[in-house]
Amino acid sequence: MKTDEVFDEAMDRARRAVESVPSMVDEVLRGIGGAEAAGRRVSPERMPRTLSERITHMHRAVKVAAALVAALALVATGWAAEKVYEAIQGRPVRTKLEAMVEEEPIVLSDGRTVVGVTTVGTMTTADGTGATGVEEQQIDALIRRGEYRLMREVAQANGETVHVYAFTLGDGRVVHRAFATRLDEVTSMADYREKQASRLRARHRAIREAVAKGDYRLLDVEPLLVHLCTDVASGREIEVQRIDLPDGRTIALARDAQEALRSVSETDVSYETDWEAHLEAVRGGRRTLRGARIVRRYTYEVTLADGTSVRHSYGGDLSLDEMGKLQGR
Amino acid sequence: MVETERHVETDGNLVRSVLSGRREAYAELVRRHERALVATAGAVLGDLEAAQEAAQEAFVAAYQRLASLRRAEAFGAWTAKIARRTAVRMARERARSRPLEGVPEAVDRAPTDGELDARVRRVLRAVERLPVRQRQAALLRYFGGHRVGEIAAMTGQPVGTVKSHLSRATARLRDWLAEGD
């Protein structure tokens, strides 16, 4: 018998033998369920609770991906809040994070994976009342009827524009909200969220593809200071980010430390107006300062496939080049 | 013949999905690698039923330790390693619990129950001798029935690299299997 025939015959026989074993998918899933029922801890439950803990436990390549997700989350809320704060001229801002969706990773031809996250949120002035369900419904109704006033349009460094609208509620209060698109392009809040999510996904994908191809250049690196705190009254762990505004004021941005872990969230994220007020809360014992971390904010100019350039910012430990090296680029 | 393209999620992405709470993604990982694990365990145990048991146990153990997997794309090789260890442990336990049957490997006799044909076991053992990347490619191609492009997508390697591993694996297996003939 020729070598090839011996090989083919042997491999075919072995393949048929292995194929004769029925699929064990159901059995394995039952085994997993049984282990869970018996109290044996399994990986998803064993995962560290905070994003930073998760990142610490990950392998470097995965860590890069996770860091990018975390970074984008930080920037998507923090940086935008900073701009909206300016947009509504110093009034306290309250943000409602509508959704945070981890995108399907893009798998490149060389096997590397690029990941990202899209956050969709709305921001409003927090006149001591915050956004309520009733308020939400009223604003939705006002959008449907086209009853709103465009107050201001603010260009952001990333090339996007924030549109600030005023709404007069049933009790006569006027609230401001910032939107990423003009409201005359949408029919309702749900329509806005859907279109915004779709638009952001497309934008992030275009950026990630350009980054993967190396079509970017670094424009700026800034340090971001984040205080790790516990709110004494609620026991909630919060992260407070210090933001220096161009006009010289310093504000504090507080958010739930667990926020970044939620895939879809209806979390209210409140922003304080004054860094000194945060420090006063620490001094007065209302907030416990557990530590701090410095996150670098990188700003890049990214050239997209269609030739246009956009600004891309994220907070994290690594530059895009350093991430590329870790991923073997 | 025209091959249609289909989207294949990487093992790494499926692992990450499982870790984010989507248990159903684990079913796909099991589906992809179950035959490779049976082949791996079969090489050690020489028995398909025992090999299936070992593979099943390995998948459950892997699920429980999934968060500790350092490189998510290496899920296949990692679970194969767990299956091999599981099979070795099972083989030791079996050896302790019953007298050795003393059946020479070279004897070509009809297999009974799940016991593997000596020729099949020889193939599986030859695959086990391959370097890890070649072995993984061979397991997925010859026993998992996956195409080269699918293996590349699953393992996060370039198609050319997978082809190279597979080509070397095939050449070695061909030589080894011809040697004893």
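A crossing of two helices is called left-handed if the near helix is turned anticlockwise from the far one by less than a right angle, and right-handed if the turn is clockwise. In chain B, helix H1 passes helix H2 in a left-handed crossing, and this pair is taken up again below. The model is a predicted one, in which local features need pLDDT of at least 70 and side-chain atom pairs count only at pLDDT 80 or more, while totals for chains, interfaces and linings use all residues. Residues are numbered from 1 along each chain as its sequence is written, and chains are lettered from A and ligands numbered from 1 in the order in which they are written.

Chain B has eight helices and zero strands, where helices (H or I, at least four residues) and strands (E, at least two) are DSSP runs numbered from the N terminus. Of the 181 residues in chain B, 51% are buried; a residue is buried if 20 or more other C-beta atoms, placed from the backbone, lie within 10 Å of its own, exposed if 12 or fewer do, and partly exposed in between. Two residues are in contact if their C-beta atoms, placed from the backbone, lie within 7 Å, and among the contacts in chain B with a separation of 6 or more, 69% join residues 24 or more positions apart.

The largest nonpolar core has 66 residues, and those with the most contacts inside it are B:Ala41, B:Ala55 and B:Val127. Helix H2 of chain B, residues 24-45, gives the most to this core, with eleven residues. A nonpolar core here is a set of buried Ala, Val, Leu, Ile, Met, Phe, Trp, Tyr and Cys residues joined through C-beta atoms within 7 Å. Leaving aside neighbours within four places in sequence, B:Ala41 is in contact with B:Ala51, B:Ala54, B:Ala55, B:Ala83, B:Thr86 and B:Ala87.

Two packed helices are described by the angle between their axes and the distance between the axes. The axes are lines fitted to C-alpha atoms, for helices over the stretch in contact, and the angles run from 0 to 180 degrees between N-to-C directions. Helix H1 (residues 11-19) of chain B and H2(B) have axes that come within 8 Å and cross at roughly 145°. On the H1(B) side the contact is made by B:Asp11, B:Leu14, B:Ser17 and B:Val18, and on the H2(B) side by B:Ala25, B:Tyr26, B:Glu28 and B:Leu29. By class, this contact has five nonpolar, one polar and two charged residues, with Ala, Val, Leu, Ile, Met, Phe, Trp, Tyr, Cys and Pro counted as nonpolar, Asp, Glu, Lys and Arg as charged, and the others, Gly among them, as polar.

H2(B) also packs against helix H6 (residues 132-143) of chain B, where the axes come within 9 Å and cross at roughly 115°. H2(B) and H6(B) are therefore roughly perpendicular to each other, given that angles under 35 degrees count as roughly parallel, over 145 as roughly antiparallel, 65 to 115 as roughly perpendicular and the rest as oblique. The crossing of H2(B) and H6(B) is right-handed, and the residues that make the contact are B:Arg35, B:Ala36, B:Ala39 and B:Thr40 of H2(B) with B:Leu139, B:Leu140 and B:Phe143 of H6(B). Five nonpolar, one polar and one charged residues form this contact.

Towards the end of the chain B sequence, helix H7 (residues 148-155) and helix H8 (residues 159-179) pack at an angle of about 115°, with their axes 9 Å apart. H7(B) and H8(B) are therefore roughly perpendicular to each other, and their crossing is right-handed. Here B:Val148, B:Gly149, B:Ile151 and B:Ala152 of H7(B) meet B:Val159, B:Val162, B:Lys163 and B:Leu166 of H8(B), a contact with six nonpolar, one polar and one charged residues.

Chain A contains nine helices and 13 strands, and 34% of its 329 residues count as buried. Among the contacts in chain A with a separation of 6 or more, residues 24 or more positions apart account for 60%.

A:Arg208, in helix H7 (residues 189-213) of chain A, is buried, because 20 other C-beta atoms lie within 10 Å. The C-alpha atoms of A:Arg208 and A:His312 are 9.9 Å apart, although 104 residues separate the two in sequence. A:Arg293, in strand E12 (residues 287-303) of chain A, is exposed, because it has 12 other C-beta atoms within 10 Å. Not counting residues up to four places away in sequence, A:Arg293 touches A:Val226 and A:Leu228, and its C-alpha atom is 6.2 Å from that of A:Leu225, 68 residues away along the chain.
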